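Here is a friendly walk through the structure below. Keep the 3D view open and follow along as we go.

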Amino acid sequence: MLIFDIDDEPVLLDYSQKIIKKAVPDADIMSFRRASDALSLISEENITPDVVFSDIEMPGISGLDFAVELKKVSPDSAVIFVTGHSEYAVEAYRIHAHGYILKPIDVDRVREELENISGILQERVSKFQVRCFGNFGVFWKGEPLTFARKQTRELLAFLIDRECRGCTAEEIISVLWEDESDVSAAKTRLRNLVFDLKNTFEKIGMGDILIRKSGFISLRKDMIDCDYYRMLEGDMAAVNAYRGEYMTQYNWAEITAGNLYFRNLKS
């Protein structure tokens with residue numbers, strides 16, 4: 001488990017880090033005195049925390065503002081506020097915080113809050129994580145998943161966009177290589193991408209996620225934790241995380257982005 005600990009007061013930050021470490025000895029803890037530094041690390045390095053313990057009253061970006069921004073770049077991260085001010089509780093839960101601890105924190109309160117969200121975290125850890133909002137991203141246990149071939153990621157994005165419904169080779173080729181006139185060459189490239197996708201999933205013990213049957217390629221939806229899918233299911237945290245951007249690096253994804261736009265207008 002990766003935990004971010006944020007507090008602008010160095011003494012309190014050092015104290016809370018020690019308490020969290022006692023509560024969860026096996027966790028990796030990264031501490032920050034500025035919320036902006038935590039956001040930069042997530043955005044620039046794709047390092048996504050499972051849990052964030054954050055103060056609320058801080059110079060620059062407050063803890064509340066940080067939680068809103070965090071949902072944009074790491075919607076699956078749980079936020080537990082640590083503050084000396086009880087009056088922020090209503091606002092904290094309005095933005096879907098997962099916990100609220102009044103200072104000074106202690107080991108029992110930290111454990112209690114983590115136990116409250118352990119079911120959510122365990123379910124996500126056991127699944128392949130996909131981020132569709134903003135740039136498309138793929139993760140395994142919080143770490144970015146890499147592929148041997150650059151375009152394998154785009155193939156995976158397309159299968160995710162189709163909500164794991166079976167796609168034919170011809171359908172995939174028409175989107176990934178719309179100007180390709182040599183169908184045979186395109187099918188060879190697609191086979192290479194599928195092989196890379198299969199090998200990558202097998203390396204992380206998720207080989208069953210890829211389905212190839214009767215000329216169709218698809219994914220097992222039950223093995224995927226995806227912000228887009230959770231939004232379609234009505235998960236409010238995912239709904240609030242959507243800011244109008246969907247797989248922004250792929251032109252073909254504009255169709256789904258448009259559907260989401262009109263969906264939001266009606267809601």
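Let's begin at K22, which belongs to helix 1 (residues 10-23). In this predicted model, K22 is exposed, since its relative accessible area is 55% and the cut-off for exposed is over 50%. Setting aside neighbours within four places in sequence, K22 makes contact with V107 and R111. The C-alpha atoms of K22 and D106 are separated by 9.4 Å, although these two residues are 84 residues apart along the chain.

**How confident is the prediction?**

The average pLDDT of the protein is 87, and 90% of the residues score at least 70. Among the elements, helix 6 has the highest mean pLDDT, at 97, while helix 4 (residues 89-94) has the lowest, at 61. Where pLDDT is low, the predicted coordinates should not be read in detail.

Is D55 buried or exposed? D55 is buried, because its relative accessible area is 6% and buried means under 20%. This residue sits in the loop between strand 3 (51-54) and helix 3 (63-73). Not counting residues up to four places away in sequence, D55 touches I6, D7, D8, G63, F81, V82, T83 and K103.

K103, one of the residues that D55 touches, is joined to P104 by a cis peptide bond, with omega about -5 degrees. P104 itself is in the loop between strand 5 (99-102) and helix 5 (107-125).

Next comes an open sheet of four strands in the order 8-7-6-12, with mixed pairing. Strand 8 (143-144) and strand 12 (224-226) are at the edges and have a single partner strand each, so one side of each has no neighbour in the sheet. Strand 12 pairs with strand 6 (residues 128-131) in the parallel sense, over three bridges. To find this pairing in the view, look for Q129, which stands opposite D225 in strand 12.

Helix 6 (residues 152-161) lies across strand 6, strand 7 (137-140) and strand 12, and runs at about 95 degrees to strand 7. C164 has a positive phi, near 70 degrees, and is a residue other than glycine. C164 is also buried, with a relative accessible area of 10%.

**Aromatic residues and their neighbours**

The structure holds eight aromatic pairs. In one of them, the ring centres of F128 and F201 are 5.1 Å apart and the planes stand at 90 degrees, so this pair is edge-to-face. It connects distant parts of the chain: F128 is in strand 6 and F201 is in helix 8 (residues 183-203), 73 residues apart. F128 is buried at 0% relative accessibility, and F201 is buried with a relative accessible area of 0%.

Y228 and Y229 have ring centres 5.8 Å apart and planes at 45 degrees, so their pair is tilted. Both of these tyrosines are buried. Elsewhere, F136, F158, Y250 and W252 come together in one aromatic cluster.

Charged side chains also meet rings. K221 lies over the face of Y229, and the charged end of R189 sits over the ring of W177. The table lists the distances.

| Charged residue | Ring | Distance to ring centre |
|---|---|---|
| R189 | W177 | 4.9 Å |
| K221 | Y229 | 4.6 Å |

**Strands 9, 10 and 11**

Strand 11 (residues 216-219) pairs with strand 9 (residues 167-168) in the antiparallel sense over two bridges. Here C167 stands opposite I217 in strand 11. Strand 11 also pairs with strand 10 (residues 210-213), again antiparallel, over four bridges. L210 has L219 in strand 11 as its bridge partner.

How many residues lie between strand 10 and strand 11 in their hairpin? There are two residues between them, and S214 in the turn has a positive phi of about 55 degrees. S214 is a residue other than glycine, and at 64% relative accessibility S214 counts as exposed.

Terms used
Residues numbered from 1 in each chain as written. Predicted model: local features only at pLDDT ≥ 70, side-chain atom pairs only at ≥ 80, totals over all residues. Heavy atoms only, no water. Pairing = 2+ DSSP bridges. Contact = heavy atoms within 4.5 Å. Axes fitted to C-alpha atoms, helices over the stretch in contact; angles between N-to-C directions. pLDDT = per-residue confidence, 0-100. Buried < 20%, exposed > 50% of the residue type's maximum accessible area, 1.4 Å probe, protein only. Phe/Tyr/Trp six-rings, centres within 6.5 Å; stacked < 30°, edge-to-face > 60°. Lys NZ or Arg CZ within 6 Å of the ring centre and 35° of its normal.
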